[in-house]
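Please have a look at it before I go on.

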Amino acid sequence: MNDATGTATQVLFVAPGTIDTVTGPAPVPAASDVVVAVDRVGICGTDLHLLDGEIGDPFPLVPGHEFVGTVISIGTEAARPGLRVGDRVVVEMLLACGRCARCREGRRNLCERDDPAVSPAAGRQMGVNIPRTLSPFTGGYGTHLVVPPEGVIHVLPPTLQNDVAVLTEPLAVAVRAVERGRVGLGDDVVIIGPGPIGLLVAAVASAAGARHVIVVGGRPERRVLARSFGATDTLAERGAELHSRIRHLLPGGPDVVIECAGNPTAQQDAIRLVRRGGRVVLAGACGGGAALTIAPDEDLLTREIDILPSFLAAGGYERAITLLDQARFPFASLITHIFPLDEASTALAAVRGRTEGLIKAVLLIPSPSPTLTGGH
């Protein structure tokens, strides 16, 4: 089913609110491409924003950017050091050009190139803003993924299994958020929003040496789980009560607040909770139409705080893979629901509806054909 002479199955976002499943010929890659048979893909809140038409106009789109799979074909001009057919891999969603000013300074997530004349997907993100009409196999909700030359591929260690490795991309997002906040030994950190990213941020902050890691919000079971991901305290309060509790636990205020909830109220809380001169990291995507209201003097100028948006996962994959492989935290416990690919609509509805007990949902992709091509 997953060889170059077989068929490929994909879940397609046809238009806002419309999902379809399509089957057709498997990809015939160009000489510069690598083909991956997808094993599983995580469902992200961004996928819902995409389905709702809140992120550009990428339709028709094959979504999915949190994928893990096996290399089944390497083009004659696509050889990469250490990469072989049969390797289990994760692929970075960012297809940065590597040549623009932002790429040269190491901020590939801010790539300024978006020129189909250079590459059909240059400067874009797999599974997010590459329409199927532009490049048909660049999303993880399907049996095949074609990685163009701009794609960054990471071979997984043999000790790291796919059921945990599927968390590499969200953990890399967490790594970048913690690094943006310059979290270090002895820092007091508050994390707003114990979704998958927030829980992973707690783990990364703890691993970075934070003294206190306080996780705010969410259902009781998520706050309980946060303890196993390095949280020293968890809080359910909001508004003025939350501020009072934080000041009781951390009289001077936290050094760093990392917002992972993805809503303006949480962002506002983050800005007002942090200590004078502290750092605020905004890591949650709010979706279209959201607006943040702040008092420029009272909230910002007179407190001289750093506000640091953290976008995607540039530079975080290697550290994420290492942290997953170390198994210091119970990463597998985050994946509470697994759906087959043909139940993607049900899975997305479960994520949107915040089904009881759901933390992270994953789509399991049909097993690949034994036929492997390439030879590198």
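Across the interface of domain 1 and domain 2 there are 0 salt bridges, counting a side-chain nitrogen of Lys or Arg within 4 Å of a carboxyl oxygen of Asp or Glu. On the side of domain 1 that touches domain 2 are 5 nonpolar, 6 polar and 6 charged residues, where Asp, Glu, Lys and Arg count as charged, Ala, Val, Leu, Ile, Met, Phe, Trp, Tyr, Cys and Pro as nonpolar, and the others, Gly among them, as polar.

This is a predicted model, in which local features need pLDDT of at least 70 and side-chain atom pairs count only at pLDDT 80 or more, while totals for chains, interfaces and linings use all residues. Residues are numbered from 1 along each chain as its sequence is written, and side-chain values use heavy atoms, with hydrogens and water left out.

The domain assignment, automatic or from a database, places 7-155 + 333-364 in domain 1 and 168-309 in domain 2, and their centres, taken over C-alpha atoms, are separated by 29 Å. In contact, meaning heavy atoms within 4.5 Å, are 17 residues of domain 1 and 17 residues of domain 2.
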